[in-house]
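User: I would like to go through this entry in some detail, taking the secondary structure, the helix packing and the backbone in turn.

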Amino acid sequence: MGILSILLFTPAVGICALALISRHKTSQLRSVANVFATIAFFLSCWLIVIYNQEDGALQLAEQFLLNPKLGTSFALGIDGLSLPMVVMATLLTSVALLASLSITASVKSYYISILMLELGMLGVFMAQDWSLYYIFWELTLAPLFLLIGRWGGVRRHMASLNFVLYTMGGSIFMLISLLAISQYMPEHGGTLMSSMSVAAQSMPKNEQILVMIGFLIGFGVKMPIFPLHGWLPLAHVEAPSPISILMSGILLKMGAYGLIRAVVMLPEATQALQVFLVVLALIGMIYGGLLAWRQTDLKAMVAYSSVSHMGVVLLGIATLDEAGMTGAVMQMVAHGLVAGAMFLLVGLLYERTHTRNIMDYSSLVQVMPRFALFMTITFLAAMSLPGSVGFIAELHTYVGGFQQWGNLMVFLGVSIIISSAYAMRTIGMLFTGPVKSHMREIEDLRIPELLASSVLVLGIVLFGLWPSPLIDLSASTMNLMNDIISQRIK
Amino acid sequence: MEFLIALIPLFPLLAAFFIGIGNLLGKINGEAGESMTSNAAIGAITMSCILALLLLGADLFGKNATTYTLGQWLSSDSLEIQAVFITSGFNTVITALFAILLFIVTRFSVNYMHREAGFHRYFFILSLFSAAMLLLVSAGSAVGTFIGWEIAGLSSYLLIGYAYDRQVPTGNATRVYVTNRIGDAGFVLGIGLSYFYAGTINWLELNAMAEHLTMPTVTVIALCFAVAAFVKSAQLPFSPWLARAMEGPTPSSAIFYGSVMIHAGVFLVIMLQPLFEQAPFIMVLLAIAGFVTAVYSFIVGLTQTDVKSSYSFAISGQLGLIFLECGLGLWELAAWHLCAHAIVRCYQVLTAPALMHNVIGNPIKPVGHMLRNSRWLYIASIQRFWLDPIADRTLARPILGIGQDLDYIDSYVVDRAMGDPILFSRSISTLNQLEQKIMAVEQRDYDHHQFGRGNGIAGKMMEWVGNIFGWFEERLVIQAIGMNIVDLGRRIGQAANTFEELMLKPRYLALFVFIVLLIAATR
């Protein structure tokens with residue numbers, strides 16, 4: 001049993017342990033869940049240590065035949081694309097658990113659901129077999145449906161139903177695409193990602209394009225790509241804030257991660273759709289940014305800013321060159337940290353004041369200086385200020401995009417300006433202005449909250465000032481992918 | 001031995017910091033702190049004085065190298081600026097002379113300024129000025145000299161405005177400073193052109209390069225430095241600032257405008273002698289400007305009725321003569337003239353208040369017959385040849401007009417287009433208005449119409465596009481796709497339920513079986 005399986009089954013063991021504890025022992029439940037999440041986080045950190053950065057190919061691979069008749073197998077492995085995502089997943093799960101102290105109703109099922117969600121997310125990022133990938137992909141839906149539907153806000157039922165319908169609808173297209181590729185597989189060929197991408201080459205080009213569109217819809221719903229984002233504002237706003245952290249931090253990345261895998265599998269089809277993708281990405285960035293600017297609800301604002309930031313990821317993927325792809329991966333990490341920190345802090349603020357309307361706030365810096373510091377850094381990172389990790393990501397994307405389309409990148413600049421408009425306005429409205437009487441006695445961040453937010457904010461600043469470890473982690477894999485893509489395109 | 005040169009400007013600088021920071025922290029304050037302040041200032045300048053004399057002695061015995069390089073100050077691509085000092089020749093003499101004069105004036109000021117409100121401020125600025133002046137005359141590169149040049153100008157500004165609670169000194173200080181900036185512009189341009197054409201900003205290297213440069217190049221570089229020198233040494237047409245500068249405390253007038261700073265311009269010209277000699281046109285210019293200034297100062301000086309004004313015109317007149325000597329190529333004479341004039345004038349201006357006692361009963365000799373009868377000359381002299389009004393009319397007013405126009409464009413066109421909200425806050429001038437504004441904000445708490453509104457062109461664009469997108473999001477994405485999918489699912493589910501119910505009714509079941517049998521039979 002390799003380290004990847006151990007990591008994958010840590011949350012599963014955690015679920016079993018939680019199942020044995022009585023549901024009245026709240027503090028015990030909390031600590032057990034936290035312990036397992038922390039173990040998973042340390043295991044993923046250990047992965048970074050043993051991961052060989054020079055080698056871009058799949059590492060630490062494990063394979064175990066599940067169904068000899070169909071050839072599906074339990075295949076795990078990591079490369080420079082999935083490793084950052086695995087670490088982010090375990091890190092943000094720990095952060096979300098630290099932020100879950102305010103959840104008091106049905107604690108046991110809550111923690112079980114979160115660990116199941118972690119299991120699903122880790123599975124998605126480590127699976128090297130499309131059928132296994134699909135199973136884990138669908139596995140995340142059930143806990144999320146429960147988490148939003150049971151612990152969410154006022155419109156939680158609508159939101160959870162909407163979310164599941166959208167994602168299921170998308171994943172059907174993904175399934176159809178996968179089935180279409182498997183038509184070209186040899187008998188008992190299985191569904192390994194590596195063998196499927198070989199099979200995909202033998203498809204006629206028009207079919208490749210159709211398959212790519214299927215993937216685009218399937219992953220695009222999750223990411224989300226511009227017209228398919230209808231579930232996101234509702235789900236993010238209604239979800240309890242720890243779940244918002246996980247959704248924006250990791251679940252959106254599942255879509256982008258799958259899309260990158262699909263692009264590497266079908267580069268020619270992607271090239272045919274390239275213009276379409278770029279237009280969608282640019283529209284999505286500006287669209288999300290402007291809608292974020294119009295929201296009075298803090299959480300809705302952060303949710304729409306996610307749409308805008310994931311547009312950058314799509315733009316990076318659509319460049320099909322190394323700088324852009326690196327930018328996309330960096331932006332996935334950056335957005336995981338930034339959106340995670342934003343939802344965390346907004347959630348903590350909401351717990352204290354029970355209002356999410358920006359206009360109710362004023363001059364918070366006087367009562368919550370620590371909160372103000374973290375929030376300001378996070379917002380500055382959201383507008384990708386140099387010195388924050390967002391800048392590194394957008395710079396890569398910008399460079400990649402500029403090589404491909406030149407002046408079209410002015411729209412990326414416009415979206416950065418829009419993001420600075422809402423970020424600066426929000427900072428101003430939250431922290432400055434006249435002191436309001438009902439905003440005078442708000443508690444500043446407590447120790448566990450401080451720990452959770454400082455981990456994220458430190459990550460934002462540290463990788464912003466010293467990005468090379470982050471880039472090096474995925475550089476060789478990006479190189480390899482770029483080689484594959486450029487060979488196939490020519 | 002040469003390393004001492006770096007310490008000479010350093011001591012007064014440290015003294016200035018000591019006084020400034022002590023005063024800022026409240027440690028050195030009031031009459032009790034006077035001795036500490038004066039001891040620091042005198043101690044520092046004494047040290048500089050001793051070092052400067054040591055250095056001069058060493059130089060006279062030929063022990064000094066020409067320059068001393070402290071290290072690299074700035075390096076950018078091919079631009080490399082060394083922190084370099086000149087440790088021999090004319091610079092050393094002037095350093096020693098100025099150090100002595102600065103020491104004398106500092107000592108004199110201790111008694112003169114006793115119990116003045118700005119005692120500590122005065123000594124802070126004086127020490128800063130000493131450091132600047134000593135750096136100016138000892139620096140080996142244009143940048144070092146320029147740093148001293150600028151700090152000296154700033155100190156001069158601060159001391160003219162010593163009585164900053166009165167209108168006239170502050171106005172004069174600003175005017176003097178702005179006039180001096182013209183010279184600074186010339187200096188900076190000179191540095192830039194030297195680097196561009198000669199590839200160096202080291203004074204000695206520049207002098208050595210001078211003969212290898214083409215005539216127009218040398219002329220332009222020399223012109224830039226000449227303008228800087230004219231302004232600093234109050235030559236025409238920049239002379240009027242000197243009379244205004246006499247506003248400060250008397251010892252400061254003595255050291256700034258009597259002996260030390262006013263000679264910085266002449267010093268620059270004499271130091272750049274090889275450069276100027278390559279530019280005959282500029283030599284002629286030096287001679288003409290010097291001569292005209294001397295005549296002008298003489299005529300205007302005749303009608304002055306107060307001591308300091310008379311001295312100021314005497315000073316610019318003498319400096320005119322020195323420039324004339326430079327222009328005629330009498331460099332040795334000019335250098336001696338400079339030193340002698342610095343010493344004599346320092347004494348004269350320091351004793352200016354006492355002079356009033358001595359002239360009682362000793363009337364000033366009337367002027368000659370010719371001059372006495374020329375009325376127009378008298379008016380011109382009284383009006384100082386209208387130089388200030390002319391400068392106002394030709395320079396100050398048009399610039400002010402342009403400034404007003406630009407301000408108008410800025411606040412009514414650009415700010416509005418950019419949506420700059422500063423217009424609102426600028427209108428608050430009293431505490432009462434501020435409170436009213438705060439109250440208004442408090443009341444406007446839930447004004448949702450203000451949210452998502454943009455100012456300016458970009459802001460309006462954002463607002464409109466945002467509205468369109470918002471409508472699209474509400475109507476199509478959330479309503480049509482999101483909500484309607486749920487509704488549609490519900491309706492399909494209901495239809496399926498109905499169908500299921502119908503199917504389970506016996507008559508339809510029988511019909512179904514019948515149809516199946518029929519199909520089977522036809523096969």
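User: How many helices and strands does chain B have?

Analyst: This is a predicted model, in which local features need pLDDT of at least 70 and side-chain atom pairs count only at pLDDT 80 or more, while totals for chains, interfaces and linings use all residues. Residues are numbered from 1 along each chain as its sequence is written, and chains are lettered from A and ligands numbered from 1 in the order in which they are written. Helices (H or I, at least four residues) and strands (E, at least two) are taken as DSSP runs, numbered from the N terminus. On that basis, the count for chain B is 23 helices and two strands.

User: At what angle do helix α8 and helix α11 of chain B pack?

Analyst: Axes are lines fitted to C-alpha atoms, for helices over the stretch in contact, and angles run from 0 to 180 degrees between N-to-C directions. The axes of α8(B), residues 215-232, and α11(B), residues 264-271, lie 7 Å apart, and the angle is about 150°. That makes the two helices, α8(B) and α11(B), roughly antiparallel, a term for angles over 145 degrees, where under 35 counts as roughly parallel, 65 to 115 as roughly perpendicular and the rest as oblique. The angle asked for is therefore about 150°.

User: Is B:Ala234 buried or exposed?

Analyst: B:Ala234 lies in the loop between α8 and α9 of chain B, and its phi is near 55°, a positive value in a residue other than glycine. A residue is buried if 20 or more other C-beta atoms, placed from the backbone, lie within 10 Å of its own, exposed if 12 or fewer, and partly exposed in between. Because 28 other C-beta atoms lie within 10 Å, B:Ala234 is buried.
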